[in-house]
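These notes are meant for a colleague who is opening this structure for the first time. Please keep the sequence and the model side by side while reading the points below.

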Amino acid sequence: MNALPRLRSQQELAMPAPEWPHWGRDQLDHAHALYAIAAHLRSLGLESWLPRLTRWLGHYDGFEHYVEPEHDPCLCVRDLLAGYVIGRPATAASMNWLDKPGMSLKMALVQDILKLDFIYYRAYWGRGLVHDPDARVWNPLAQPWMSFVESGGAGQELFSWRAELDPQPALEEHLAVLL
C-alpha cells in the first residue's frame with residue numbers, strides 16, 4: 001500500500017472510504033464545499049463577504065440533486081474561488097480585474113459566479129407546461145430550494161432544467177443580492 005497521499009483534481013469524483021478514518025467524508029465532497037469557500041474567501045481577503053455569499057448560496061441548498069453533477073452550486077462556487085486563489089480566474093475578462101478602473105476583486109468574482117451553469121436552471125411545480133395557471137415557478141432569490149420542494153401540490157410534478165434563455169430572476173437581481 002502506498003503511504004504517500006494521492007493528489008487529485010477537484011473535478012475528479014470523490015470516492016471516500018466508508019470506513020475509519022474518513023467515514024465516507026472527503027475534503028472535495030459537497031458537504032465540505034462550504035468550508036472550502038470560507039477558506040478561499042479568507043485567502044482572497046474577502047472573509048467579510050462570506051455571510052452574504054452563503055445566505056445567497058443557501059437558497060440553492062439541496063438543488064445539487066436536481067442538476068447535472070458538474071453544476072452543483074456549492075462545488076461550482078468552490079472551484080471558481082479556488083481558481084482565483086491559485087491565480088487562475090475563470091474568464092479572461094476577470095483575469096485582468098486589476099487593470100480595469102473601478103473593478104474590484106469581489107465584482108470580478110460576482111461576474112464569474114453569475115456565469116455558472118446552475119444560475120441558468122429553472123424549476124417549477126405543475127401538471128404540464130410551466131405556463132399552466134396552477135404552475136408554481138421557483139425564484140431562488142425569494143424562496144430557498146428546500147422550501148420550494150416542500151410546496152408541491154397534489155397531482156403536480158417537479159420539473160427542473162438548464163434553460164438556454166437568460167436566467168430568472170435576471171442577472172441584475174442576483175448581482176444586487178450578492179453585492
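1. From the N terminus on, the elements of the protein follow the order α-α-α-α-α-β-β-α-β-α, which comes to 7 helices and 3 strands. Helices (H or I, at least four residues) and strands (E, at least two) are DSSP runs, numbered from the N terminus. The model is a predicted one, in which local features need pLDDT of at least 70 and side-chain atom pairs count only at pLDDT 80 or more, while totals for chains, interfaces and linings use all residues. Residues are numbered from 1 along each chain as its sequence is written, and side-chain values use heavy atoms, with hydrogens and water left out.

2. Of the 179 residues of the protein, 37% count as buried, where buried means under 20% relative accessible area, exposed means over 50%, and partly exposed lies in between (1.4 Å probe, protein chains only). The protein exposes about 10,800 Å², of which carbon and sulfur atoms supply 58%; these areas come from the Shrake-Rupley method with a 1.4 Å probe, and for residues only the protein chains shown count as cover. Among contacts (heavy atoms within 4.5 Å) between residues at least 6 apart in sequence, 66% join residues at least 24 apart.

3. The 3 strands form an open sheet in the order β2-β1-β3, with antiparallel pairing; two strands pair if DSSP finds at least two bridges between them. β2 (136–137) and β3 (157–162) stand at the edges with a single partner strand each, so one side of each is left without a neighbour in the sheet. Strand β1 (residues 121–126) pairs with β2 over 2 bridges and with β3 over 6 bridges. Trp-125 stands opposite Arg-136 in β2 and opposite Leu-158 in β3.

4. Strand β1 deserves a separate look, since 6 of its 6 residues are buried. In a regular strand the side chains alternate between the two faces of the sheet. Here Tyr-121, Ala-123 and Trp-125 point one way from β1, whereas Arg-122, Tyr-124 and Gly-126 point the other way, and all are buried.

5. Which residues have the most contacts inside the largest nonpolar core? They are Trp-49, Leu-53, Trp-56 and Phe-118, in a core of 36 residues; such a core is a set of buried Ala, Val, Leu, Ile, Met, Phe, Trp, Tyr and Cys residues joined through side-chain atoms within 4.5 Å. The elements that give two or more residues to this core are α1 (33–43), α2 (50–58), α3 (73–85), α5 (105–113), β1 and α6 (145–149), and α3 gives the most, with 7 residues. Trp-49 touches Leu-41, Lys-106, Leu-109, Val-110, Ile-113 and Leu-178, if residues up to four places away in sequence are not counted.

6. In α2, Leu-53, Trp-56 and Leu-57 are buried. They cover an arc of only 95 degrees around the axis, which puts them on the same side of α2; the arc is that of the directions from the helix axis to the C-beta atoms. The buried residues of α2 pack against α1, α3, α5 and α7 (171–178). In α1, the buried residues are Ala-33, Ala-36, Ile-37, Ala-38, His-40 and Leu-41, and they pack against α2 and α3. After α1 comes Gly-45, whose phi is positive, near 75 degrees.

7. A search of the whole structure finds 14 aromatic pairs, a pair being rings of Phe, Tyr and Trp (its six-membered ring) whose centres lie within 6.5 Å. Ring pairs link Trp-56, Tyr-60, Phe-63, Tyr-66, Phe-118, Tyr-121, Trp-138, Trp-145 and Phe-148 into a cluster.

8. Leu-141 lies in the loop between β2 and α6 and is partly exposed, with a relative accessible area of 23%. Leu-141 touches Trp-56, His-59, Pro-169, Glu-173, His-174 and Val-177, again not counting residues up to four places away in sequence. Ala-142 lies in the loop between β2 and α6 and counts as exposed at 60% relative accessibility. Pro-169, in the loop between β3 and α7, is joined to Gln-168 by a cis peptide bond with omega about -5 degrees. Ala-142 and Pro-169 are 27 residues apart in sequence and 9.4 Å apart in space, C-alpha to C-alpha.

Key: Rings of Phe, Tyr and Trp (its six-membered ring) pair if their centres lie within 6.5 Å; planes under 30 degrees apart count as stacked, over 60 as edge-to-face and the rest as tilted.
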